[in-house]
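This report concerns charged side chains and their surroundings. The structure is shown first, and the description follows.

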Amino acid sequence: IDLLDNKIDSAKTHNESIRKIKETEVGKLKDKLKDQVVFVEEEQAKMEVLLDAIEELNNSIGDKAEQKKKLTEFQEVNHDLTTRLNKLRKDVEFYQKHDNCPTCKQGIEHEFKQETIEESTGKITEIEKAQTELDNRLGSVNKRLGEIDDVETEMASKNLEMSEHNANYKMAMNVCKSIKGELTEAEESVEAIDNSEIQKFEDDMTTYHTKQSQLFD
């Protein structure tokens, strides 16, 4: 019985030593997993902030299509006005320089010339005024489109940043999965410490105690 007591104590001490080593390993893996989970949550939070910022930026340029449409329309109108303006100026220049029609060689009445020049000059003034107003509108549209370009550049930058955080997030999730596998194995190894020898000693001890009791009797 005394010999078995010593063997049982020695076996228990040995198993406890192994258990502590394995539990230490489990603890380290848990700390490592905890750090990775914190990192995952941080990356997730950063992505959520970026998503909100990108959505807000995108909403701020909802008028992009409208502004591009305006730009096209204004450019077309400006082209038409320029064409008309050039024609009117040529007409004025023609009547100012010619007293006879170059085609039919007939004389051009002075009164007709003056009326035509005045009428054309009036139209030129109107068109120039319209072009000035149109230039202002074009300036506003181009300014707005410039602002939209700046916003889109910022969005592209944030999307790139988002991709980086997403890559970090996925990598960290894979690391978590790997650590969980190691942790499961480590926890199972703690539970799987071989106590069969101790159990055999304790069974033998029970037998000896029974025999001892019989001998006492």
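E133 is partly exposed, with a relative accessible area of 43%; partly exposed lies between buried (under 20%) and exposed (over 50%), with a 1.4 Å probe and protein chains only. Its salt-bridge partner is R137, which is partly exposed at 44%. A salt bridge here is a side-chain nitrogen of Lys or Arg within 4 Å of a carboxyl oxygen of Asp or Glu. The model is predicted: local features need pLDDT of at least 70 and side-chain atom pairs pLDDT 80 or more, whereas totals for chains, interfaces and linings use all residues. Residues are numbered from 1 along each chain as its sequence is written, and side-chain values use heavy atoms, without hydrogens and water.

| Salt bridge | N to O distance |
|---|---|
| R137 and E133 | 3.3 Å |
| E119 and K123 | 3.4 Å |
| E43 and K46 | 3.8 Å |

R137 and E133 lie four residues apart in helix α3, about one turn; helices are DSSP runs (H or I) of at least four residues, strands (E) of at least two, numbered from the N terminus. E119 and K123 are also separated by about one helical turn, because they are four residues apart in helix α3. In helix α1, E43 and K46 are three residues apart. E43 is buried at 3% relative accessible area, whereas K46 is partly exposed at 39%. A further group, D63, R144 and E147, is linked in a network of salt bridges.

Q131 belongs to helix α3 (residues 110–191) and is buried, with a relative accessible area of 13%.
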